[in-house]
There are 2 protein chains.
Amino acid sequence: MPPETNFLRDPLGAVVVGPELFAAALVAQGVPVRRVDWRPPPAAEALASLWCDTVDAANRVALDRLLAAHQILVDVRPAIDVVPGMTRETVLHAGPPIAWERMSGPLRGGIVGALIYEGLATTWEDAERLVTRGAVRFDPCHHHATVGPMAGATTASMPVLVVENRTAGNRAYSTLNEGLGKVLRYGAYAPDVIDRLRWFRDVVGPALGEAIRRAGGIDLRALIGQAVQMGDECHNRNRAASALLIKALAPEIAGLDLPGAERRRILAFAASNEHLFLNVGMAACKAALDPAHGVTDSTLVTAMARNGTEFGIRVSGLGDRWFTGPAETPQGLYFPGFGPGDANPDIGDSAITETAGLGGFAIGGAPAVVQFVGGTPAAALEYTRLMYEITLGESTAYRLPALDFRGTPTGIDVRLVVQTGILPQIDTGMAHREPGIGQVGAGLVKPPRVCFDRAFEALTQIRAGAASTRRH
Amino acid sequence: MPPETNFLRDPLGAVVVGPELFAAALVAQGVPVRRVDWRPPPAAEALASLWCDTVDAANRVALDRLLAAHQILVDVRPAIDVVPGMTRETVLHAGPPIAWERMSGPLRGGIVGALIYEGLATTWEDAERLVTRGAVRFDPCHHHATVGPMAGATTASMPVLVVENRTAGNRAYSTLNEGLGKVLRYGAYAPDVIDRLRWFRDVVGPALGEAIRRAGGIDLRALIGQAVQMGDECHNRNRAASALLIKALAPEIAGLDLPGAERRRILAFAASNEHLFLNVGMAACKAALDPAHGVTDSTLVTAMARNGTEFGIRVSGLGDRWFTGPAETPQGLYFPGFGPGDANPDIGDSAITETAGLGGFAIGGAPAVVQFVGGTPAAALEYTRLMYEITLGESTAYRLPALDFRGTPTGIDVRLVVQTGILPQIDTGMAHREPGIGQVGAGLVKPPRVCFDRAFEALTQIRAGAASTRRH
């Protein structure tokens, strides 16, 4: 407790924080003055430096590019034929760059499975030797216009979805979704996982590619817009989008010159997979966000991705750098037989959906998904409402009936995240922390705050440099 | 204006309405009394007679049968092979019974088209001669376990969907949906309409039947439950249900031993038709409601149907009688080039969806549809909330995310409609009043109150008869 002061009896002094003018005035009146050298906290000052016409104009350019994207699914092709920079020795993976030594279990599992699938290794130990002697080139999917859910392992002979953004002319890529259960993306690499990937390579990929070309492409902007009005948020719930995609492709697949049993098997596999659309939607988001990247001075977030160890973000005006922090573990519901001790930290490129205004940002329109991650429809609406606080705009393509057809919150602004302290809401699947097991549940997760603090610091340094240049 | 009365100065009298005891007391005190012979209005007295254990128990039986229905789409077969009482000379039509002379334009158009399709007539005049000389047997679809949207014309060689209610063991039937534009159900009968019906008969019907049998049937209770969570109300919006149906059947259709172009054409037709599921859902509703019919003393409505001239309802405890009134014209939005003067009064058996807890009763979960009929999402939720006031229960299969997964209001009670004055809310398509033109828009409509008043009167007569029997 401070000592009591009797303001009527005790002599008064003053502490002046800030302008010298006030102190001088008091000294002139005979009041004793103690001067304190005070400045606003760096964040506030730095924030002020980023709320300026230059940054606002840059963000308008970046946001306009994001909102204007018109994505068309145009083909399915082997990665080696279409993914920029792909080689026979390359394994692309989810999230920011990471060395083998620091990779989590499911990421390693996915990579080992991919090496076995490519015939570059036959066992885990074999694959590890290959990696140790430097014969494998690792690189983030994101560095190759590609996105992959969970482990995201992508190699040369895998068929990839080709999504073209007709507005900007760029393309983005993603592998085919394998369904649930034991699958490569959750770090499983058993023989049946590899067999499925070979069926994809030999049958499904070529068939889908032919069907998509015959259909003249599939308008994904329109399809996602429909799915969002049908209760999907296109990250953890893809039921409507998957059905709409099957509806669009089934006539062409049915018309293919393949054995009847194979046509049937392709469509039966598609129909059995509620997440068939996940990778398609992710590539559509990547295709929309890439043109918004590289706008000088823009504070727009153009990627959020996790490698199972670190969470990383990229920002439009900050070039190729990743701003990373330790990945957190999602909070949610576990499949029977699993619990929090089984879950790997957050993993996968699928947070590209949130970055583009879907996933957790659209969860208010997907009340069924919140039951799956352990929430209520009312809470889901609140998550979406909160995301309007940290976004620069609203989608013109994805509209939420539950909010009277308001567009989803779109375009995360680093300034708004730092200023409000509100972190992006992601809803996601959870992988087992050991390789070879698979999905253990689904839940909600946020990026570590430090990603945004570091990006913010880099942005303010650029503004400080610009101000300094103007003064000289 | 009544003459002014000064209560302090003028002598007081009394008018006694009701119990003699009060009048006697006043007379004893020297107050002049004018006696009025008053009784509660018949409705209130009659209502009281229907709120009794006997009726409640009967309604529980009927409602339980309705809610317990488990409908499976098991086949597609020619009507003549499966529809009870179907003959080569029969034309089934929508709504309650009606003679040719009183039929509206679209109903006549659908019937003439059906006669031409069956090869029984070649022109309108030809068909009219056939009808006039009594060579055609008309009967409501509803009398043959069948339902048909709009005109509902159903004849011997048309392929019909076969829906089995696994709980009660009964079956219901409906023709295949023809899509939008010029179609028989809206009273069009041009050569391309007839050609499509022949393609249905020769190719689509047999293919769908084979696919459904190979798939081991389609669980419609589950499918509709999913669709309701995806923004369908399964009357005016069938987008999700249609996509889910295609997803379920596409593998088997793709595997059929048909020319590739024909497989493709069947699925392309299905994919182009947002209302593909309408007739399937209607048959599912009919299959659920039929076992709830015929429960002595039950006041549950088991059918609402319109023939374009009259609206009719049937009630579980009132046998085969229809209670009818003049059909009203829906209020809604018109396609370009059409207006209120073009619309036919309400037509079709599709109000079977509302009778089973879908359509207008589930419209709160289908905000997109209200834009199509000229309303707001908030108004749609209010329509659904209001329907809980006139229904006996809530669906256990169809749950609305927007109402925190509450079951849709299900099982219209004649007592509640008469007591509250709230009429069932129907959302529906609108046909042109002239034959041969087709759909002109979509909107909201209600049954005429007189249907319920007449059914109510019949119910109270039965109760009065029962009371009289007990007294003797």
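**Figure 1. Helices α9(B) and α10(B) lie roughly antiparallel to each other in this predicted model.** Their axes cross at roughly 170°, and angles over 145 degrees count as roughly antiparallel. The two axes come within 10 Å. Helix α9 of chain B covers residues 239-254, and helix α10 of chain B covers residues 260-272.

**Figure 2. Residues that meet between α9(B) and α10(B).** The α9(B) side consists of Ile246(B), Ala250(B), Ile253(B) and Ala254(B). Facing them from α10(B) are Arg263(B), Ile266(B), Leu267(B), Ala270(B) and Ala271(B). By class, this contact has eight nonpolar residues, one charged residue and no polar ones.

**Figure 3. The contact between chain B and chain A.** Chain B supplies 29 residues, and chain A supplies 29 residues. On the chain B side, the elements that give two or more residues are α9, α10 and α13 (367-372). Helix α9(B) gives the most, with eleven residues. The chain B side divides into 19 nonpolar, four polar and six charged residues.

Figure 4. Gly312(B) is buried because 27 other C-beta atoms lie within 10 Å, and the cut-off for buried is 20 or more. Beyond its neighbours within four places in sequence, Gly312(B) is in contact with Gly95(B), Pro96(B), Ala305(B), Trp322(B), Phe323(B), Thr324(B) and Cys451(B).

**Figure 5. Gly312(B) and Asp290(B), C-alpha to C-alpha.** The two residues are 22 residues apart in sequence. In space, their C-alpha atoms are 16 Å apart.

Methods:
Residues are numbered from 1 along each chain as its sequence is written. Chains are lettered from A and ligands numbered from 1 in the order in which they are written. This is a predicted model: local features need pLDDT of at least 70, side-chain atom pairs count only at pLDDT 80 or more; totals for chains, interfaces and linings use all residues. Axes are lines fitted to C-alpha atoms, for helices over the stretch in contact, and angles run from 0 to 180 degrees between N-to-C directions. Helices (H or I, at least four residues) and strands (E, at least two) are DSSP runs, numbered from the N terminus. Angles under 35 degrees count as roughly parallel, over 145 as roughly antiparallel, 65 to 115 as roughly perpendicular and the rest as oblique. Two residues are in contact if their C-beta atoms, placed from the backbone, lie within 7 Å. Ala, Val, Leu, Ile, Met, Phe, Trp, Tyr, Cys and Pro count as nonpolar, Asp, Glu, Lys and Arg as charged, and the others, Gly among them, as polar. A residue is buried if 20 or more other C-beta atoms lie within 10 Å of its own, exposed if 12 or fewer, and partly exposed in between; C-beta atoms are placed from the backbone.
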